Structures are given as C-alpha cells and as structure tokens.
Amino acid sequence: MVLKRNHETDSLHTIMKGFSTRPRGDLSSLRKLIRQNLMFILVLLLLLIVFGISLYLGSRQVYNEEEQWRGQKTMAEVNSGKTNISNYFSDLQRDLDFTIALPELKDYYSQNFAPSKKMEAEHVLTGFLEGKQFYQMTVMNASELEMLQVNSKTENLLSWTNGLSNSDVHRNLFQKSMKLQKGQASLSPVYFATEKEGSDLRKRVVMTLAMPLMDDQALKGVLFIDLDLSNVFKILPNTQLFIQTNDGLDIFVNQTDGSLDIKKISYPLNDSSNWYPVNEMERIHYSRVNIFDQQPFILAEYHQLPLLKVTLGKLVYMFEALLLLFLSLVMYSIFMNFSIFKKLFSTQKAIVFSLATLAEGRDPETGMHLERSRDYAIILAQQLRTHKQYEKIITSEFIDNLYYAATLHDIGKVAIPDAILLKNGKLTDEEYTEMKKHVLTGKNILKETIDKYDLTESFLEMGMNICAYHHEKFNGKGYPEGLKGQEIPIEARIFALCDAYDAIRSKRSYKEGLSHQEAKDRIVADKNQHFDPEVVEAFLECEEKLVVIT
C-alpha cells in the first residue's frame, strides 16, 4: 500500500510539473492596462471611425456630385445633338419645300411630268445637290414610275449591301409618302451601302427622305432624297456621340480617319431611364431622336469615370494609411504606458507583499501557510470556474487578482501580541477573542491604504474582502459580521476552505498535521455549515492537485 501510494504521488508530481499557479505577469499587467485605459482607447477609436466615415462620406459626396455633373454634361451633349439633328432636318425640309415650289420643278410635276419640262426640273435638282453630301434625288409619279433621277457629282458609285438598294427603300417608302399632306415628310430606317474610293472600300450609312409633290389640286408624285448620315455626325457637339439604329446596330465615328464604324454591340437602350450601366467605370446616356414625328434612331454617348474612381481609391488608401498610423501610435503608446504601468504595478505589489511578510517574519509557519493557501485558492478557483454558475464570475482577471490578494489574508496579525501569536498551546477564550481581531485590523489597514493613496488595483479590494471575511461561515455563524451564504464574497468563500484545509494539514506546536483524507472528511462534514457546497464540490474535483502542493 505504501509503495502504491508513493507511485500515485510520483504520478501526480509528474502531472503537476508543468503546472503553475502564478499568473503570467506581463499578460496580466497588459490586461489591467488595457482595462484601465479602455475608455481612452475607445474614444480614440471612435474618433478615428468618425473621421474615417466623414472622410468616406465626404469623398463619396464629392464623387457623386462630380459623377452627377459629368452625367448631366453628357446628357446635355446628347440633347444638344438631338436639337442639332432636328434643326438639320427641319432646315432640309424647308429648303426642299422652297425647291419644290420653284416654277421649273413645279411646272414639271404639275403638267404630269411633261418631257418638255424635264430638263429644267433636272437642272433645279442638280443645283440643289451641288456641294452637298447627298447621293441621289429621285422623282416618282403617282403610279410609282421613276420619272427623273439626279446623282451627286461629289459622291462615288455606291453598291448596296444586304440585298437592299435605295430603289427598294423608295418603293417601301412610297405608299407611306402618298398619304402625306403638303409640307410633310417621311424618313426611311437607316440602311447601308459600300462606296469604292480608289482601291479602298468604305461603308456608308444612308437614310432616305420622302416628300409629296402636290399642285393646287392633287398629289402628283413623290420626291426622294438619299442622305449620307455622315452629315449628321458633322453637326454633333463631339465625336464621342454615336447612333443606335432600330435594328440594334451602333454607328461610331472612327477617331483616326473620321469614317463611320458599324458595330452590333446591341446595348439595350430602350427604357425610360436614359442611361445604361456598361460596367463600374462606364455608362451610356442616350435619348431617342424625333424627326418628322418619327424616331428613326437613338443618339447616345459614353460617360466614363476612371479618374473619379482613381480619386476615390486614393482617398480610401489615404484613410487606410491614417488608420495604420493611428494604430501604430496607439501600439507605441500602449507599449510605453505598459512599461511604466508594469513598473508601477510591480512597485505596488512589492509594497503590499512587504506588508504581508511582516507576519511571516514574526511567525515562520505563517510564511509557508501564505504560499500554500494561495496556491490552493488558485487551483480551487480554476476548478470552480468550470461550474456553469461561476463561469462568468471567475474570469482570468479574477484568478490573477486572487493570486496576489490571497497572501494578504493574515496581514492583520501584525497587530496581535507575540504572547498570543506565538503561544505554544491552545488559546484561552480571551486570547481567541483578541486573535479574531486580526481580520478587522487587516481590513482597516488595506482600506486606509486604498483610500489614502487612491489605489485602483482590484487585487487590493479583493485582498481586503479575503482579509475581512475568510473566517465567515456559510451558515452565518462565523465572524466578524456573521455573513451568510451568498452574502460572503466568493473570493472569501474559496479562501475559507483553503485556509482551513492548510490549517488541518499543517503541524503546529499544539497539534500534529493530519492526512489529506482526514482533512477531506472534515471539510465534507462541514459542507453547508462552514463551507459553500459548490466550493466543496470543486474541492473534491481537484483534490489530487492540492495533495501535490502539500
């Protein structure tokens, strides 16, 4: 049995070899420093967050205003282009009305396209085409027969693509034009041709304008004029504007040579918002063009935002740099304050422990008792922390404070006369009464020290509680105040058991030290009487660790 017991003890020593009840000083000090300066750090962080939010919102507002201004500017250019196009076609219609009313041409169609009048009419139309980028003017009678055709001298021969010639367009537009009133006009959809200029082939974008030929009595025929749409691009505010046809084709000005590029990008520019997001850096503003109560195409322009995005990105980076600088300053400040705080805290502990060792100097037994009971308290508190009822009460800070506070529990014994404190044998009733005063003496010493020097260390307040109440009993029959149950601070309830356990196990001049089992039996017997039942349960759960310390 002895060998077995020794083997068990050796095993426990092996288990406890890496275990220490002493808190990690730097970590404990850092937690205290952060806790004491938490409000300051939070205020600084809050100010930084407010500054960051203000910077972001301010830059975002500038960005939004700039984006809105650029969007409005782009839309103004689109609307200006619409106005120019409308004016262009209105002017063209007015010129055609004037030309149609000229006697040389009017006599020709009024007299049912008399051959004798054809040369004069042809001369009028040739003069109209001179110097203009119009391809062809064609006259049809009411029977849809071509009576006269005049070609522009400034344009090269066109070949028609997609199987659709201008003659096909004329026939498609004829019936609609025959229903127009005098002074009205009709437009064809946009169509395309290929022009050969030397060895180069170029695509041309064409529209046909049709106007009725009427004398004072009846409709005689229709005048068609085929227009080069490059005329329209020349009157736009800038070359960034483009046209989207009703077929979804997009027509751009080639920025290199000024020719027209035809692409089928097919942006869905068909809702009433008048803008379309291409991507995060680009959007399109657009509007339908009204010509002669028709909407033959959409005029649009890209609105690019790369510089704005870059500016906003720079502001974000600047804020991140400021945040990094702030955090660096905070860390530096914490480091500097930590060094100062650590020295100050160490000084306070040294002073307090110097007081505690006064008792040790008078009674050698007390010194060893201070260390053992402190270690018991740490182990017991750590075990009690695993109980659900105490998991939020017994924190890491609580345990750190307990380590330093526990050694102060008998500081009041410095005021007990040596005749009583060092007496060999049992105390008399009078001597015991005098001995009991050490709890209030210790409490008053610590309280006066805390109040006089405005000390804020929480371990001092815990030490005062342990000093004052570790002789209270759970059933209310202890001293000095007869507190009961939960009225006794939890640190005092923990230490009460540890103090009693060490007293039972330790040898004194008036008694022998008892075994762990006997101490355990006495503690269990005093459950709900002297000791808190929860603390007793925790004691039973960690008793093997206590044996190793003893």
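Visitor: How many helices and strands does the secondary structure of the protein come to?
Guide: This is a predicted model, in which local features need pLDDT of at least 70 and side-chain atom pairs count only at pLDDT 80 or more, while totals for chains, interfaces and linings use all residues. Residues are numbered from 1 along each chain as its sequence is written, and side-chain values use heavy atoms, with hydrogens and water left out. With helices (H or I, at least four residues) and strands (E, at least two) taken as DSSP runs numbered from the N terminus, the protein comes to 18 helices and 13 strands.

Visitor: What percentage of the 550 residues is buried?
Guide: Buried means under 20% relative accessible area, with exposed over 50% and partly exposed in between, for a 1.4 Å probe and protein chains only. Of the 550 residues in the protein, the buried ones make up 45%.

Visitor: Which residue in E6 is the bridge partner of glutamate 195?
Guide: Strand E5, residues 191-197, is mostly covered, five of its seven residues being buried. E5 runs antiparallel to strand E6, residues 200-214, and seven bridges join them, where pairing requires that DSSP finds at least two bridges between two strands. Within E6, the partner of glutamate 195 is arginine 202.

Visitor: How do the residues of the contact of H13 with H14 divide into nonpolar, polar and charged?
Guide: Helix H13 (residues 438-453) and helix H14 (residues 458-469) pack at about 160°, with axes 7 Å apart, and are therefore roughly antiparallel. Contact means heavy atoms within 4.5 Å, and the residues that meet include Val439 and Leu446 in H13 and Met464 and Cys467 in H14. Ala, Val, Leu, Ile, Met, Phe, Trp, Tyr, Cys and Pro count as nonpolar, Asp, Glu, Lys and Arg as charged, and the others, Gly among them, as polar. For the residues of the contact of H13 with H14, the division is eight nonpolar, two polar and three charged.

How values were computed:
Axes are lines fitted to C-alpha atoms, for helices over the stretch in contact, and angles run from 0 to 180 degrees between N-to-C directions. Angles under 35 degrees count as roughly parallel, over 145 as roughly antiparallel, 65 to 115 as roughly perpendicular and the rest as oblique.
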